[in-house]
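Open the structure in your viewer and keep the selection tool at hand.

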Amino acid sequence: MKKKSFFKSGSGSRKAFVSTFQDKKELVEVLNANNNSDIKDTIFHKSSENMEELKNNSVSLTVTSPPYNIGKDSDLDLTDEQYWLMMEKVFTETYRVTQSGGRIVVNVANLGRKPYIPFSKYFTELLIDLGFIMRGEIIWQKSKGANANFAWGSWLSASNPVIRDIHEYCLVFSKDTFKKPSKGESSLEKEEFMESTLSVWNINAARAKKIGHPAPFPVELPYKFINLYTYKNDLVLDPFIGSGTTAIAAKKLNRNYVGYEIEKEYIKVANNRLENEVN
Ligand SMILES: C[S@@+](CC[C@H](N)C(=O)[O-])C[C@H]1O[C@@H](n2cnc3c(N)ncnc32)[C@H](O)[C@@H]1O
């Protein structure tokens with residue numbers, strides 16, 4: 001018997017793949033389980049490994065950039081095993097609180113040179129294993145070549161030229177089904193829609209010193225995802241909210257936010273930024 005091709009009938013074929021629920025009745029039941037959140041515009045000072053404050057199926061979109069485990073100021077000091085266990089817990093909780101038809105965006109860079117560590121691959125695998133279905137990935141180009149670092153390895157020689165990254169990844173997934181089940185008011189203009197649906201985004205990196213956090217992303221990054229994937233008044237989660245960038249973008253777009261952060265100092269920074277940068 002001829003083997004069924006995953007690429008023809010599965011997620012490789014956009015037309016064929018509608019949802020993880022092939023039975024419509026089952027899908028309707030799952031969509032009916034979506035909840036509205038009582039919590040909004042709050043940053044919790046605790047680990048997002050447990051987000052018991054949030055109801056099941058209540059978040060429309062998560063935009064986040066996880067900490068690494070490589071010894072920077074906002075990084076964790078864990079063994080690899082402890083690190084991935086923690087990520088698994090956080091994203092299992094994120095899956096629980098995400099609505100059916102809700103989305104998640106994970107911003108991550110690949111790191112190291114000796115060897116190169118493909119974090120984007122590890123996070124992709126983790127999220128798929130947890131049950132999310134992948135929508136695509138955005139290459140976030142952070143700078144033009146001229147501003148890249150000068151660690152070229154061997155200058156003008158094939159001895160050991162080193163690739164200098166000027167991009168990060170934004171991995172995009174849905175829960176249960178690609179289409180948002182609820183109706184709502186979008187706020188996208190035509191030009192932004194055309195740009196945001198392309199797979200490469202040029203956005204300058206944020207200035208860590210100015211913001212007061214070692215690894216912030218620029219407001220424009222979560223802003224574009226929130227505008228693309230949510231309706232007004234939807235709830236946006238960042239389980240590693242740091243200096244509050246996701247919250248700022250959400251409020252600028254008349255959405256609600258909820259965040260988690262283990263460092264009190266960063267919550268102060270986030271609340272100050274929310275006061276100063278929104279309106
Ligand atoms: C890469 S930074 C996020 C920066 C954020 N996107 C911004 O623009 O400021 C990761 C953040 O996660 C926080 N963090 C680490 N482990 C955490 C956990 N288990 N729960 C909540 N926050 C955590 C760190 O303190 C750090 O501020």
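Select Thr-62 and then Leu-237: the two are bridge partners, and Leu-237 lies in strand 7. Strands here are DSSP runs of E with at least two residues, helices are runs of H or I with at least four residues, and both are numbered from the N terminus. Residues are numbered from 1 along each chain as its sequence is written. The model is predicted: local features need pLDDT of at least 70, side-chain atom pairs count only at pLDDT 80 or more, and totals for chains, interfaces and linings use all residues.

Now widen the selection to strand 7, residues 235-238, which runs parallel to strand 2 and is joined to it by 2 bridges. Two strands count as paired if DSSP finds at least two bridges between them.

Next take strand 3, residues 98-108, which pairs with strand 2 in the parallel sense over 5 bridges. Within this pairing, Val-106 of strand 3 stands opposite Thr-64.

Is strand 2 enclosed or open? Select residues 59-64: 6 of the 6 residues are buried, so strand 2 is largely enclosed by the rest of the structure. Buried means that 20 or more other C-beta atoms, placed from the backbone, lie within 10 Å of the residue's own.

Finally, colour the chain by pLDDT, the predictor's confidence in each residue, from 0 to 100. The mean for the chain is 90, and 89% of its residues reach 70 or more. Select residues 8-18, where pLDDT stays under 50.

Note on methods:
Contact = placed C-beta atoms within 7 Å. Buried ≥ 20, exposed ≤ 12 C-beta atoms within 10 Å, placed from the backbone.
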